[in-house]
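Here is a short briefing to read alongside the structure. Please keep the viewer open and follow each group of points in turn.

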Amino acid sequence: MTRMWMVDPKKMCRSHLLGEHKELHQLVGSLNKNKSINGHLDKGQVEVHNIRKRHKELVKEMKRRGYSHNSPLPKFKSFRAGKINIKENEKELKKRCKNCRTRQNSKITTIIFDVGGVQYFYDHMNAARAMEKETGISAKKIKKVLEGSAKNTKFWRMAELAPLEKEYWKQFSKELNISSVDSKKMSKLWNLIFTPNKPMLKLIKKLRKKYKLAILSNMSQGHKKWLISKGITKPFPKHNIIWSCDVNLRKPNKKIYNLVLKTINSKPEESVFVDDFLRNIKVARKVHECGIVYKDHKKFLNELKKLGVEW
Ligand SMILES: [Zn+2]
Ligand SMILES: [Zn+2]
């Protein structure tokens with residue numbers, strides 16, 4: 001059966017979303033073979049003039065959720081025909097499908113925040129310059145190791161997973177070919193990368209009154225301690241904070257997303273993730289949470305509003 005649902009793709013479960021996409025392709029196939037679609041037109045199941053637009057909408061949502069799409073819609077002659085009742089279709093999907101129902105009824109109760117790039121901005125050059133003075137190695141070279149862009153560097157990954165600061169600073173000196181460094185001193189210098197994102201910190205204080213909040217962050221022990229000393233964890237319930245270095249897991253490993261949801265006892269469909277990296281959000285969306293990539297504060301506020309979040 002061919003049927004265009006035409007309801008908001010965000011409110012459709014995986015199988016109905018992919019199903020309608022497949023049926024659009026079939027519909028175009030029928031049109032190109034001059035097969036009659038009058039039956040579908042009569043039942044209000046297709047709108048020929050909206051096929052192309054609808055395909056675009058569905059593909060956008062498929063990509064947003066990280067599903068693959070490699071089937072451009074073939075050419076076909078479009079014409080005005082058919083009328084779909086979207087409200088009725090919403091009801092029908094709700095009735096037929098538990099997963100669509102959950103999506104339509106879902107209400108955000110939980111917001112899970114990343115730290116770096118979201119609550120605090122960072123610039124590794126600030127630390128690299130100070131470390132240059134300390135080690136005699138060029139700031140440019142140091143920056144590459146700190147941010148993980150140097151060839152074959154393991155420092156970054158190790159820093160986010162290591163339970164002890166000493167471990168990753170040992171790796172740091174190894175990669176830069178210098179004799180051992182004072183890990184306490186280096187940790188202190190590395191904290192120079194951070195500047196607070198004040199509008200975000202303010203917003204979090206407001207959101208905590210209405211929502212369950214949590215932190216999920218890839219962070220080193222040194223940074224973690226410093227951020228805590230700056231009060232970053234204060235608006236968050238004590239047990240709702242997951243640092244990669246404490247659990248030996250880091251984003252985008254799927255396990256850490258499930259771990260946070262389990263720890264804070266929130267359902268995926270009522271939770272939204274905020275992260276500055278698309279690759280981290282993609283995984284979040286796959287385990288069915290909403291996700292917002294944080295780049296611009298104003299845009300972020302709009303995305304929250306779209307999800308029905310209030311403050
Ligand atoms: Zn397609
Ligand atoms: Zn469904």
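Helix H15 (residues 278-286) lies across E6 and E7 and runs at about 170° to E7. Helices (H or I, at least four residues) and strands (E, at least two) are DSSP runs numbered from the N terminus, and angles run from 0 to 180 degrees between N-to-C directions, with axes fitted to C-alpha atoms, for helices over the stretch in contact. This is a predicted model, in which local features need pLDDT of at least 70 and side-chain atom pairs count only at pLDDT 80 or more, while totals for chains, interfaces and linings use all residues. Residues are numbered from 1 along each chain as its sequence is written, and chains are lettered from A and ligands numbered from 1 in the order in which they are written.

**The sheet**

- Five strands form an open sheet in the order E5-E4-E1-E6-E7, with parallel pairing; two strands pair if DSSP finds at least two bridges between them.
- Strand E5 (241-243) and E7 are the edge strands, each pairing on one side only.
- On average, neighbouring strands of this sheet are turned by 20° against each other, direction ignored.
- Strand E6 (residues 271-275) runs parallel to E7 and is joined to E7 by 4 bridges; Asp-275 has Val-293 in E7 as its bridge partner.
- Strand E1 (residues 110-113) pairs with strand E4 (residues 212-217) over 4 bridges, also in the parallel sense, and Thr-110 stands opposite Lys-212 in E4.

**Burial of strand E7**

- Strand E7 (residues 290-293) is covered on both faces: Cys-290 and Ile-292 are buried on one side, Gly-291 and Val-293 on the other.
- A residue is buried if 20 or more other C-beta atoms lie within 10 Å of its own, exposed if 12 or fewer, and partly exposed in between, with C-beta atoms placed from the backbone.

**Helices H7 and H9**

- Helix H7 (residues 139-147) packs against helix H9 (residues 165-176) at an angle of about 135°, with the axes 11 Å apart.
- H7 and H9 are therefore oblique to each other (under 35 degrees is roughly parallel, over 145 roughly antiparallel, 65 to 115 roughly perpendicular, and the rest oblique).
- Lys-141, Ile-142 and Val-145 in H7 meet Phe-172, Glu-175 and Leu-176 in H9; contact requires C-beta atoms, placed from the backbone, within 7 Å.

**Gly-19 in helix H1**

- Gly-19 sits in helix H1 (residues 14-32) and counts as partly exposed because 14 C-beta neighbours lie inside 10 Å.
- Gly-19 and Met-4 are 15 residues apart in sequence and 9.5 Å apart in space, C-alpha to C-alpha.

Definitions and conventions: Two residues are in contact if their C-beta atoms, placed from the backbone, lie within 7 Å.
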